[in-house]
Amino acid sequence: MSKLVIVESPSKIKSIKKYLGSSYTVMASKGHIRDLPKSTLGVDIEHDFRPQYVNMSDKKELIKELKAAAAKSDFVYLATDPDREGEAISWHLAQILKLDMNNENRVCFNEITKTGIKAGMANPQKINLDLVDAQQARRVLDRIVGYKLSPFLWKKVKRGLSAGRVQSVALRLIVDREREIEAFIPEEYWSIEAVFAKDNGIFSAHFHGTADGKKLSIANEQEVNKILDDLVGADYTVSEVKKTKRKIQPAPPFITSTMQQEASRKLGYTGQRTMKVAQQLYEGVSVEGNPVGLITYMRTDSLRISEEARAAVNAFVKREYGDNYLPEKPRYFKSKASAQDAHEAIRPTDVELTPARVRDALTDEQFKLYSLIWSRFVSSLMAEGINDVVSIDITANKYMFKASETTLYFDGFTRLYQEGKDTVDEEKNDKLPPLKKGDAVENKSLEPKQHFTQPPARYNEPTLIKALEENGIGRPSTYAPIVSNILSKDYIERVQKAFKPTALGMVVTDLLKERFEKIVDVKFTAGMEESLDEIEHGNSKWQKILEDFYNDFENSLNQAESELEGQKLKVPEVESDEVCELCGRKMVIKSGRFGKFLACPGFPECKNAKPLPEDEVKEPCPKCGSKLVKKRSKKGKTFYACDSYPECDFAAPGIPTGEVCETCGSFMLKGTRGRTYCINSDCPTRVEGREKAAAKKKTTAKRSTAKKSTTKKSASKGKKDE
């Protein structure tokens with residue numbers, strides 16, 4: 001029998017074909033093959049929100065090929081990605097290929113390995129229509145919001161704007177945080193740092209409060225001076241010495257959101273870049289001559305781990321580190337109540353494929369991300385680390401100072417991995433001399449320090465993704481697109497890796513908050529995600545959920561259209577440092593059909609306008625996400641470098657496109673003539689290009705020499721004839 005297996009990505013074909021054998025034909029749909037039309041709403045609202053799907057124009061030839069292959073096959077398996085989106089693609093394929101919906105032809109590969117593929121093929125099921133309905137509901141919901149709300153923004157703000165159901169909430173989080181920062185009023189407070197000596201040992205301590213252990217805040221200079229006056233001539237005595245052991249628990253294995261957060265913290269990768277590289281690791285690379293998927297499916301919100309994988313890690317840790325690096329009891333992690341739990345946590349498919357072992361098979365960015373995933377997973381099942389903590393209380397008159405020292409007793413999982421942090425811990429950890437209760441210590445100095453409370457920090461990519469996840473906004477597959485969407489729409493900009501809303505982003509958010517409160521309401525959007533989950537579980541009808549949403553949305557839209565008839569909101573202009581050479585005003589930055597430009601604010605009296613200086617580049621730094629700036633070398637050559645230098649050393653002769661090279665995984669650049677090429681000079685595509693250029697040059701030289709020789713002979717023959 002001939003059998004056809006259809007997957008999503010062409011990159012999986014080679015691996016899957018090898019494991020299935022010659023009786024199987026494997027083809028790829030290359031993502032969706034049907035979708036709502038681009039030019040119209042494509043949803044029949046009057047008839048139960050029926051979607052009006054059309055075959056995608058760029059997939060016509062592929063659909064013909066799939067139909068021909070299906071006609072020749074005895075059976076067709078649909079092996080698209082194991083999530084809502086993949087289920088919907090399988091459903092569309094089944095309809096286009098006219099497959100029987102009662103057939104058990106849907107197979108899922110949670111990992112592209114021999115075990116994963118065999119397990120998937122051994123357990124075919126019917127297409128899960130509840131999953132399909134959940135995807136359809138999200139698609140239709142987002143289409144209605146986008147196609148109804150965007151034109152409203154065109155009329156009331158400016159053309160070309162868009163509003164998305166989930167991206168608008170993410171934008172609101174960023175705008176609300178900016179407003180908090182703007183409204184923040186710093187409050188003064190003081191601290192006192194003390195330096196003590198005991199038997200030639202010097203150590204520091206901080207003021208804590210009263211001698212009975214009550215914490216005391218110091219609000220101003222008068223209060224700190226009162227404390228310092230009280231301590232003049234005081235005797236300092238050790239009143240308490242506590243020695244404890246503090247256990248440090250490992251972080252759980254990655255889910256989609258935490259992988260994106262940690263890759264941003266430790267590698268400087270954007271969410272999109274992280275997911276692109278993770279997709280490559282999931283689909284498979286050639287390791288020691290064999291194609292193998294290195295990680296399990298990377299779109300997941302579950303912390304579940306298979307017992308087979310747990311046993312493999314236990315054996316590995318025992319062999320490599322010893323029995324004492326295994327916990328006394330197996331460690332299990334609990335997923336959030338809202339987790340779909342469709343897949344395991346993100347983990348290596350084979351723990352024996354260590355990062356060192358597969359290094360030569362991976363590009364630099366694949367290796368870095370795989371090392372992160374591998375180390376995080378293995379460490380999550382190792383023994384906890386243990387610290388020795390010594391805490392000292394020192395009293396003088398009616399006040400208390402505290403000092404502490406932390407030393408490593410047992411490294412445990414920290415031998416392999418420690419989780420990154422969003423904020424830097426500035427606590428001191430001085431070495432303490434041997435001290436016991438009742439010891440007198442000599443005070444060397446008391447240093448008062450003035451401080452002011454700080455406003456909340458702006459969101460950056462990891463903290464925004466964390467906020468979205470904690471608030472139930474979006475799902476694993478949507479975090480990266482949410483961030484890239486609001487960046488590309490010029491609603492926010494990166495300022496030293498943090499997100500700052502633009503004037504446009506603030507105006508749009510304020511309008512949506514005033515007129516479409518539910519659309520940008522965090523709790524309402526989280527509730528909608530829960531409703532989509534209920535559809536997936538078969539507990540709700542998707543048409544009913546859409547109907548409930550649409551009735552309220554349509555009323556809000558009609559009311560806003562009526563009350564704002566003839567009105568247009570003005571976006572505040574951003575003043576530049578450029579001075580108009582015609583009238584002396586400071587020029588402002590405006591946006592037009594072809595991007596941003598400088599214009600005189602005195603228009604129409606002064607119509608001066610000119611291009612915006614090309615110091616800033618729209619595409620962020622591919623290494624750390626900061627801004628890129630255009631620079632010139634000493635020799636006058638143009639190049640693009642990261643604004644965060646020297647923290648980030650990225651520099652390139654062309655503008656990064658945001659894409660990665662399919663051959664080696666390095667950054668792709670766009671040259672002055674619009675040609676894209678890989679930044680890696682040793683990449684096979686670059687080497688091949690140089691070889692072709694050299695061969696072409698050689699051929700041209702030969703032709704030129706031959707032409708000259710022919711011309712010479714003709715001239716010589718002509719002279720003889722004469």
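## Basis of the description

Helices (H or I, at least four residues) and strands (E, at least two) are DSSP runs, numbered from the N terminus. This is a predicted model, in which local features need pLDDT of at least 70 and side-chain atom pairs count only at pLDDT 80 or more, while totals for chains, interfaces and linings use all residues. Residues are numbered from 1 along each chain as its sequence is written, and side-chain values use heavy atoms, with hydrogens and water left out.

E288, in the loop between β11 (285-287) and β12 (290-292), has a positive phi of about 50° although it is not a glycine. With 56% relative accessibility, E288 counts as exposed (over 50%; buried is under 20% and partly exposed in between, with a 1.4 Å probe and protein chains only).

N397 also has a positive phi, near 55°, and is placed in the loop between β13 (385-396) and β14 (399-410). A cis peptide bond, with omega of about 10°, links F603 and P604; P604 belongs to the loop between β20 (595-599) and β21 (609-611). Most residues other than glycine have a negative phi, and most peptide bonds are trans.

## The surroundings of H343

H343 is part of the loop between α10 (307-320) and α11 (355-358) and counts as buried, at 7% relative accessibility. Beyond its neighbours within four places in sequence, H343 is in contact (heavy atoms within 4.5 Å) with residues including P82, D83, N110 and Y297. A polar atom of the H343 side chain lies 2.3 Å from the backbone oxygen of P82.

Methods
Polar contact = N/O pair within 3.5 Å; in protein donor to acceptor, adjacent residues only side chain to side chain.
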